[in-house]
Structure formats: C-alpha cells, structure tokens
Amino acid sequence: MKKSFLQSIGPGLLFAGAAIGVSHLVQSTKAGAEFGFGLLWALLLVHLFKYPFFQFGPRYAAATGETLLDGYRKLGKGVLIAYYIINFATMFTIQAAVTIVTAGLASQLFGITNDLVLWSTILLFVSLIFLVVGKYKLLDNLMKYIIVILTISTIIAVLMALFSTKDAFDVTQILPSGTVEITFLIAFLGWMPAPLDVSIWHSIWSVEKDKTTVIKTKPKDAIFDFNIGYIGTLFLGICFVLLGALVMYKSGETFSNKGGVFASQLIKLYTKNLGEFSYIFIAIAAFTTMFSTTITTLDASPRAMNRTTKLLFNKELKYGYWFWIIFLFAGTFLILKYFMDNMGILIKVATILSFLTAPFYAIFNYILITGKHTPKEHQPGIFLRILSIVGIVFLVGFSIWFLTNI
C-alpha cells in the first residue's frame, strides 16, 4: 500500500506554517525596507547553517518513532530540564508576538473593531476550535491550503512590485554596524526561518502524523517532506525581503513597534505604491502568513510542554495537552492585555533570545542524531556532519559577536 504524494506531505508544511510568520512578514520586510537587498546574504546563510538542525527533527522521529524530547531524555535529565525552562520562559512571548500581529492584520482586513486584544482573543479562540474539532488531522489538512494561498498571493504581490518599480537594483551586501543595526541583524537571524526549537515541534508532528496514517513514514519520505517546507520558507523569505526592498526602501516610512499600527502601515504602504487593486492580495498574503503561525504555535508549545512533563515526572496528565493550551491561552491574553504597548520590545527580546539559545538546540540535536540513540543507517552523512559543525560555529560565533558589540 503506497502513500499518495499529498498524504506523505504534512509535518513539513506545518513547519512552514510555524516558520513563515513574524520572521517573514515583520523581520524580512523590515530587512528589505531598511537595508534594501543588503541582508540577502544573512537570509541565505542562516537557512544554510540552520538546515541540518531542523532536518534532524523529522529524521530522528522517522528513524526511531520518538520525538526529539525523548532523545533529549536519553542524553540526560539535565538537557530536558534546560529545555523545559527555556520553552516555558519564551512560549508566552512568542504566542503573544505572533497573535498581536495577526490581530492587527485581521482588523485591517475584516474591520469590525480596532480592539486588538479582542481580535487576539477571537483568533486564539478560533484556533482553539480548530484544534479541538480536528486535532492534528485538521491542522495537517488545513495547512496545505493556507500555504498554497499564501504562496500564490505573495508571488502576485512580488510580481506587481517588480513590474511597477522604476529604480535600478542595488544588490550590494551590507554588514550592519552599531548597536541598533547589529541588534536588528541578530533578531532577524533568530527567527529566520524559525527558532531552532521548532525542530522539536516538527519531531512531535511527525510522530502524530504516523498515528493518523496506516503506513509509517520512512526517513527518506520524512526528509523529502521537510525539504519541501524548508525550501518554501526560504523562497517566501526572499519574497518578503524583495517586497520590503522594492516597495519600502528609502520611502522615509518609520515603522511602529505596535502590531496593529505596523499592520496598517504595511498594507497601506503596499497599496500606495502598487495601487489599491493590490490590497486584497497583500492583505490575504499577510493574514494567512500570521494566522497559520498563530494556529501552529498554539498547537506545538502545549504538545512540547505536555511531552516534557511526562518525560520528567513519569506521569501523564489525562488532559495535559488541553491544560497547556488553556494555560498558554491565558498567559498570552494577560501579556496582550497589560503589555501590548511594548510588543515591539517583546518581539525583539523573543527573537534575540531565540538566536542566543540556538546553539543549545544545534549542539544537542547533533549529538543525538550522530550518537548511539539513532540507528547507524539513519545517521547523517559526512557532508551534513561538516555542515552541522560549521553551523554550530556560525551560531556560537554570531552570538559572541552580538554580546561583545551591544
């Protein structure tokens, strides 16, 4: 019995749905707006050097039938405790950051109200209903359509920007200098294409995928599925940098740190430059980008916390997944209710922390996939091992460079 192509695709698109969010819509657009094409080198390098560590998530899950969290437990309880603390410290800020941007776009697209806390609550509730009704299977199927809509609308927007620009392209690459520019670069790298802990989410989704299908996913298929999602995030990352560069670079526009105001500025600036007819394409591309991230993060963090809790305490709560979802929902609501005016700072803190914690995930993912807990035949080859070591040096090196230059 052979899987169809569409059946075999799943966790890779969930990865793309989680990745293509603030990193693309906000950070990539700002990179294009502030540096033109000058940070394309950073976009390409970070995709290259993070690739092995993201890929090790589905590779390990397919090879062992376990999540990376199960692997971390085998490496030692301390590794799992460290992850538990890091994830607990960042999951509320991450959820709040992606939800408030989604809420700002929803208020622009649908109107009704400008109360972003109310919109955030509605979006979280809708996401919760999706997860309650359909669980993993609905999320898996829904993401296929969201990614297709997102890709088509983004390509149309980029083509319109390319055909309407009269300026010559300047592809000179830039190495940022000064505290503000370096801080932005590290924040850009931190969530591009996603925080490295998404590799853990991917391994969880891979295990869940196998529970919903008759045929167990082979490592080769899992890697193929991941590559589709990863190439998609790279392509769309380039698209959003192009949009920022073509439409906003040297426009004199100053971006607000408030999610709703930023969303309004983004859409209005596009339509001013591309024409009012482009509004629907820009709005749909932006909203689907962020809504997919809102759903996937609301699903993934609770799954990770529930699994980690079970592994640490050898006890599984009957409704542990739903407990963590409600807990995340409540914590996100409180942040949005009382700290919404500081969302720009929260996003910056979350993205920088993601970059500074990236070496942790990179090192332990590499140790796990090349060690005794992964069957020899499913371990990476020499090229991927070399790329991994260079990637670890890159992540550690940039972290040290940042900490010594701020």
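**Overall build and helix packing**

Reply: Of the 406 residues in the chain, 60% count as buried. Please note that the model is a predicted one.

Me: How many helices and how many strands does the chain have?

Reply: The secondary structure of the chain has been counted by element type. The count gives zero strands and 15 helices.

Me: What share of the contacts with a separation of 6 or more joins residues 24 or more positions apart?

Reply: The contacts considered are those in the chain with a separation of 6 or more. Residues 24 or more positions apart account for a share of 86%.

Me: How is α8 oriented relative to α15: roughly parallel or roughly antiparallel?

Reply: Helix α8 (residues 179-190) and helix α15 (residues 382-403) pack with their axes 10 Å apart, at an angle of about 150°. Angles over 145 degrees count as roughly antiparallel. Therefore α8 is, relative to α15, roughly antiparallel.

Me: How many residues of the contact of α8 with α15 are nonpolar, polar and charged?

Reply: On the α8 side the contact is made by Ile182, Thr183, Leu185, Ile186 and Leu189, and on the α15 side by Phe398, Trp401 and Phe402. These residues divide into no charged, one polar and seven nonpolar.

Me: Is the crossing of α4 and α15 left-handed or right-handed?

Reply: The axes of helix α4 (residues 40-64) and α15 come within 10 Å and cross at roughly 120°. That angle makes α4 oblique to α15. The crossing of the two helices is left-handed.

Me: How many residues of the contact of α4 with α15 are charged?

Reply: The contact includes Trp41, Lys50 and Arg59 of α4 and Leu384 and Phe398 of α15. Its residues divide into 16 nonpolar and three polar, while the number of charged residues is two.

Me: Is the crossing of α12 and α13 left-handed or right-handed?

Reply: Helix α12 (residues 279-313) packs with helix α13 (residues 320-339) at an angle of about 125°, their axes being 8 Å apart. The two helices are therefore oblique to each other. The crossing in which α12 passes α13 is right-handed.

Me: Is Ser206 buried or exposed?

Reply: Ser206 is found in helix α9 (residues 198-211). The relative accessible area of Ser206 is 11%, and buried means under 20%. Ser206 is therefore buried.

Me: How far apart in space are Ser206 and Pro11, C-alpha to C-alpha?

Reply: Not counting residues up to four places away in sequence, Ser206 touches Pro11, Pro58 and Ala61. In sequence, Ser206 and Pro11 are 195 residues apart. In space, C-alpha to C-alpha, they are apart by 5.7 Å.

How values were computed
Residues are numbered from 1 along each chain as its sequence is written. This is a predicted model: local features need pLDDT of at least 70, side-chain atom pairs count only at pLDDT 80 or more; totals for chains, interfaces and linings use all residues. Side-chain values use heavy atoms; hydrogens and water are left out. Axes are lines fitted to C-alpha atoms, for helices over the stretch in contact, and angles run from 0 to 180 degrees between N-to-C directions. Helices (H or I, at least four residues) and strands (E, at least two) are DSSP runs, numbered from the N terminus. Angles under 35 degrees count as roughly parallel, over 145 as roughly antiparallel, 65 to 115 as roughly perpendicular and the rest as oblique. Contact means heavy atoms within 4.5 Å. Ala, Val, Leu, Ile, Met, Phe, Trp, Tyr, Cys and Pro count as nonpolar, Asp, Glu, Lys and Arg as charged, and the others, Gly among them, as polar. Buried means under 20% relative accessible area, exposed over 50%, partly exposed in between (1.4 Å probe, protein chains only). A crossing is left-handed if the near helix is turned anticlockwise from the far one by less than a right angle, and right-handed if clockwise.
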